[in-house]
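Subject: Structure for you to look at

Hello,

Please find the structure below. Have a look at it first, then read my notes.

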Amino acid sequence: MSIGSWRATLRIARRDALRAKGRSALIVAMIAIPVLGMSAADVTWRSVQLDTDEVISRSIGQADARVQGFVHRDGASVPDQFSAAIRQEPGGNNWQFVNRGSSTAPGTSSPSTVGMPVVRDLGSVIPGITETSVDRTAWGMVATAHGRTDVPIREFDYAGPLAKGMVFQRAGRAPRALDEVVVTEALRRSAGYRVGGDLIEKASGRTFRIVGTVDLPNDLRARTVIAAPGAVLDAMTSRQGTSGSAVETSTLIRVRGGVPWDRVLAANRQGFVIRSAAVLRHPPARADWTYESPQTWADSRALRLGGIGLGLGLLEMILLAGPAFAVGARRKRRELGLIGVAGGSRRHIGGVVLGGGVVLGVVGAVLGTALGMVVAALMRSWFAERSGRLLGRYDVRVLELLGIGVVGVVVGMLAALIPAWLAAREDVAASLTGRRGVRRGSRVLPIVGIVAAALGTGIAIYGADRADDTIIVAGLVVAELGLVACCPALIGTAARLGRFLPLSPRLALRDAARSRPRSAPAVAAVMAAVAGSVVVAVVWSSQTADERNMYRPRVQKNHVVVQFSDRAPIPGVPDSGRVTTKQAEEVRHAVEQTLPGAKGGLLDELKGPCTRGPAGCLVYQAEQLPELRCPRDVDADPVRRWNDPRCGLGPETANHFFQSVVGDADTLRRLTGADDPRAAETLARGGIVLFKDGYVGADGTAEVWTFENGSSRVRPDGRRESVRPVVRLPAVTVRAPFALSGMFASPAAAATLGATPKPGGVVYDAGRSPSDAQKERLQERLAGISEATSLYIERGFQGKDDARLLLLAVFALVITIGASGVATGLALADAQQDLATLGAVGAPPGVRRRLSAFQSGVIAFLGTALGLAAGVLAGVVVQRGQKSALWDELPAEAKLRLPTPELVIPWPQLGLALVVLPILAALLAALLTRSRAVLRTRTG
């Protein structure tokens, strides 16, 4: 076609769009909605990605650098196997100590730092410092409206010139006096604080006035207290009996000439981590980096899924807009026929329909892009709340939005391509008279579709095995197009069931089969929407399963543990050492009164007399059988050591609270989860329960040796020697989800050993997860009894936010009903003569409504069924690609300590969607359809 012909066709398309405003609006919406989503996502994503100035402002304010030292000022040393030097990323986010076994840091030619004198004066490491601001943080206990809770308490002058931008004032002002604090908004809501109210720090007993609330821009969920420098931490830590090393300290500095990369490396050699503004603005070449952290599993998965989702989303846009153009082509058959009568060729007729795709694609792209920018602006606060961090500046990339708009126009043209081709093939006389004729389905197309679906599946699996996103997307697109090609045959097959159905569903099925050029794109659109949703559902379900498998609970779910610490008394603090028997009973009463209905009791730890405090207490340990001891030659082979049951390793969950406990079978069940009749029988006979193989002999007994903490005699073979006669006790080995690292002994066994059990804590089954208010009340009561208590509540695995799955379900529902509604609207327009005939022969008015409902339901059901199949296939392939890209590259030792990635398909939810979506689509069509039709004059 010439340029003049295109101008004419575009002019006709524009006038036709203005004349049929309702249909045009529908097509524009089909194109604009995906463009809106992509535009909003692009602006939001760019706003989330902070630029360099925003990163510097949030992390180091207006300073030149932020310095954190890992060599304590009191002379404490780093672990023996490490030197005082460190390696760090240029951004200072990740770092590691330098191993003494390596002579140089990787990627550099710097000499070894082993033996280098430790420099603790920051000025000698970074000369030219002109201004400093210290930021100190330690964990403390504060009173709340319900009781008490532990929170980070920070001393930081965030209102000073160096810290500008690190903390956002939300209400009130910054603290000026030593008796003033501010709290984060998350802490204010959870603890019941108010601006102008009081906050009590429990260790020192001091009362502070809350003068404002703040937000930490990178962590909106942080529950933090910020005070003026010197206000609380020194008094709090001295009262708690901890040293100054328990306070995390960093320093903001302003330096003449800044802190370039060579100064950062010099500071690294002295044990300091530097986050430098100069390095962030001008990072060094990657070859000069001394440490580079690998990309995390979550980041890799997010990037891969983003690329795969973009490719499938483009296909979905085309299939969604296709039925809408089919509506337009059907409704203007007469106008297209007149073009043919006036001398227009088939290319001109097809060009008019294709021109409609260009015109409406441009309108949809412009409208969608504009609305996307508005939505991105309106959702900034909502997105910040859901993500837990404030977005950066409103970042609009014109070229990227222009590219998205071009994609919308191209999608409009591609969606109109098949309707244009079908319109060009239409008989001119049939178009003028309104006759549709009978068009048989192609016998070749289903075969081509099946072959394409199989070929696409194979390509996608091949790409998954190679972890190539491009190949995966190409394969999935080919497979979905193959299923699209099978839609007409599937509709024809379903129509054959009509002979067994009542009038309305029989008419609906036959009409769908007779109008396959209109029904097939509608089914494909529903399939695309459902398939995309199922892919994400499968991937998220699998990811949730992986996270659940990696979660390691410390005790059974909904169990409450109060552990009694065994520490030296704090000078001047009464009852700050070991919990007494009387205090243990008070703790038990406090738990039972705070958590009504909880079942449990006290636990006694298996310990002997103490001669020099906790470090000199006697401890009891079962001795491994000589023939079952872990071979020493497996230390160099972690895989062999892991798989050897004699070495006591393996993927078992250990109880991290108590080593050896005295109690009965009921206490054993509550604490470890073991419910073995052999254990109860052994405890009744005065024996012990062990949790590792290789300790119980053939006679059903085990040797228990006695050692003294802090001093042990060593035998020639390198093993410790018992300080008391070895005792042989009845024993049994059981498997338990929360196994003790030591043993579980009966009271009789403890007496035989000469042990003096001491209160170790309490364990209660609360039945359900205690609320935050109950936890704070219990913490308050425990602190009033003794400071030597620590509370832990096992809430179990907490999955990801279900709001995403809800939004996904809403999206699938809207698109499914919308696509089936388009097909229903066309069906009603095409079926006017049939409806007039039904009315003439005396059919009740409700037949029209029922026919509309079944027409919509048929389209929705067929599309949903195909979409579920395609989505499950794509989800399996994508998850397989994740495993190939991430899991297969892990070293063998890492695989031993991580659960194998799972493939989880939410079958119940998919089955529910197969039932619910078609029913809702049918009900909506019935509600929006008038029962009585207007009789029309027959044409032709």
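The notes below cover helix pairs, a nonpolar core and salt bridges.

This is a predicted model, in which local features need pLDDT of at least 70, side-chain atom pairs count only at pLDDT 80 or more, and totals for chains, interfaces and linings use all residues. Residues are numbered from 1 along each chain as its sequence is written, and side-chain values use heavy atoms, with hydrogens and water left out.

Helix pairs

Helices (H or I, at least four residues) and strands (E, at least two) are DSSP runs, numbered from the N terminus. Axes are lines fitted to C-alpha atoms, for helices over the stretch in contact, with angles from 0 to 180 degrees between N-to-C directions.

Start with helix α15 (residues 444-466) and helix α16 (residues 469-495). Their axes come within 7 Å and cross at roughly 160°. That makes α15 roughly antiparallel to α16 (angles under 35 degrees count as roughly parallel, over 145 as roughly antiparallel, 65 to 115 as roughly perpendicular, the rest as oblique). The crossing of α15 and α16 is left-handed (the near helix is turned anticlockwise from the far one by less than a right angle; clockwise would be right-handed). The contact of α15 with α16 involves 19 nonpolar residues, 6 polar and no charged. Here Ala, Val, Leu, Ile, Met, Phe, Trp, Tyr, Cys and Pro count as nonpolar, Asp, Glu, Lys and Arg as charged, and the others, Gly among them, as polar.

Next, α16 and α17. Their axes come within 8 Å and cross at roughly 150°. α16 and α17 are therefore roughly antiparallel to each other. Their crossing is left-handed.

Then helix α19 (residues 581-594) and helix α24 (residues 772-785). Their axes come within 10 Å and cross at roughly 160°. That makes α19 roughly antiparallel to α24. The crossing of α19 and α24 is right-handed.

The core

The largest nonpolar core has 31 residues. Such a core is a set of buried Ala, Val, Leu, Ile, Met, Phe, Trp, Tyr and Cys residues joined through side-chain atoms within 4.5 Å. Buried means under 20% relative accessible area, exposed over 50%, partly exposed in between (1.4 Å probe, protein chains only). I491, V523 and V534 touch the most other members. Two or more residues each come from α16, α17 (503-514), α18 (516-550), α27 (846-887) and α29 (907-927). α18 gives the largest share, 10 residues.

Salt bridges

The whole structure holds 25 salt bridges (a side-chain nitrogen of Lys or Arg within 4 Å of a carboxyl oxygen of Asp or Glu).

D135 pairs with R66, with the closest N and O atoms 2.9 Å apart. This pair links distant parts of the chain: D135 is in strand β4 (residues 129-143) and R66 in strand β1 (residues 65-69), 69 residues apart. D135 is buried, at 3% relative accessible area.

D215 and R170 form a salt bridge too, at 3.1 Å from N to O. D215 lies in strand β9 (residues 207-215), R170 in strand β6 (residues 168-172), and 45 residues separate them. D215 is buried, at 11% relative accessibility.

R735 and D693 meet at 2.6 Å, N to O, in another salt bridge. Both sit in loops, 42 residues apart: R735 between β21 (727-733) and β22 (744-745), D693 between β17 (688-690) and β18 (701-708). D693 is partly exposed, at 33%.

Finally, a network of salt bridges links D51, R393, D395 and R397.

Best wishes
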